[in-house]
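Please take a moment with the sequence and the model before reading on. The paragraphs below are meant as a guide for a first visit.

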Amino acid sequence: MGMSVGGKRGIVSDMNVVPLIDILLVLLVIFMLIRGYSLGEEALVPQPSVEKPLGPPPDVVVIQVLADGTLRINQEPVGFDKLSSRIDEIFKRRASRVAFIRADQPVEFGVVAQVIDVMHTSGIASVGLLTPDLEKGF
């Protein structure tokens, strides 16, 4: 800041902006030079899929537990007493032992837990739970 005392005008208090402009110009030149030397990595941003699959792939096994307690394996009705044998029959020809469970909203957790237990005793390695949000992207 500059301040002059005396003279014809008396006390003058002006801010001396010349040093600030000098600093600004030096920073501008520095950032212009740095921009030319800095190399970044290309970002590969995932793009949304254009195609929507119409349903689960044919090799996926989905066991549905309906609100009335009935079971379905890939839309085929099956009784709870024949669930284990039907699972064994389906997975004896498959290398991948992965299945999904989809249950209606009012079904109790105990029923779903019994189905999971039957699946584990039948030798299914991985059991997934399907929710409405997951099914949209499935």
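This is a predicted model: local features need pLDDT of at least 70, side-chain atom pairs count only at pLDDT 80 or more; totals for chains, interfaces and linings use all residues.

Residues are numbered from 1 along each chain as its sequence is written, and side-chain values use heavy atoms, with hydrogens and water left out.

The secondary structure of the chain amounts to four helices and seven strands, where helices (H or I, at least four residues) and strands (E, at least two) are DSSP runs numbered from the N terminus. Followed along the sequence, these elements give the pattern β-β-α-β-β-β-α-β-α-β-α. Of the 138 residues in the chain, 20% are buried, a term that stands for under 20% relative accessible area, with exposed meaning over 50% and partly exposed lying in between (1.4 Å probe, protein chains only). If one takes the contacts (heavy atoms within 4.5 Å) between residues at least 6 apart in sequence, 60% of them join residues at least 24 apart.

Two packed helices are described by the angle between their axes and the distance between the axes. Here the axes of helix α2 (residues 83-91) and helix α3 (residues 109-121) come within 9 Å and cross at roughly 45°, the axes being lines fitted to C-alpha atoms, for helices over the stretch in contact, and the angles running from 0 to 180 degrees between N-to-C directions. The crossing of α2 past α3 is right-handed, which is the term used if the near helix is turned clockwise from the far one by less than a right angle, left-handed being used if the turn is anticlockwise. Which residues meet where α2 and α3 are in contact? On the α2 side they are L83, S84 and I87, and on the α3 side V115, V118 and M119. These residues divide into five nonpolar, one polar and no charged, where Ala, Val, Leu, Ile, Met, Phe, Trp, Tyr, Cys and Pro count as nonpolar, Asp, Glu, Lys and Arg as charged, and the others, Gly among them, as polar.

S122 counts as buried because its relative accessibility is 9%. The side chains of S122 and S84 make a polar contact of 3.3 Å, that is, a pair of N or O atoms within 3.5 Å, of which, within protein, one must be able to donate a hydrogen and the other to accept it, residues adjacent in sequence counting only if both atoms are side-chain atoms. Not counting residues up to four places away in sequence, S122 touches S84, I87, D88 and R97.

A second polar contact, of 3.5 Å, joins the side chains of Q64 and Q75. Q64 belongs to strand β3 (residues 61-65) and, at 9% relative accessibility, counts as buried. Leaving aside neighbours within four places in sequence, Q64 is in contact with T70, L71, R72, Q75 and R102. Q75, by contrast, is placed in the loop between β4 and β5 and counts as partly exposed, at 48% relative accessibility.

Most residues other than glycine have a negative phi, and most peptide bonds are trans. Q75 has a positive phi of about 70° although it is not a glycine, and N74, also not a glycine, has a positive phi of about 50°. N74 lies in the loop between β4 (71-73) and β5 (76-78), where its relative accessibility of 33% makes it partly exposed.

The last stop is V107, in the loop between β6 (98-103) and α3, which counts as buried at 17% relative accessibility. V107 and D68 are 39 residues apart in sequence, while their C-alpha atoms are 8.0 Å apart in space. Not counting residues up to four places away in sequence, V107 touches V65, L66, A67 and V112.
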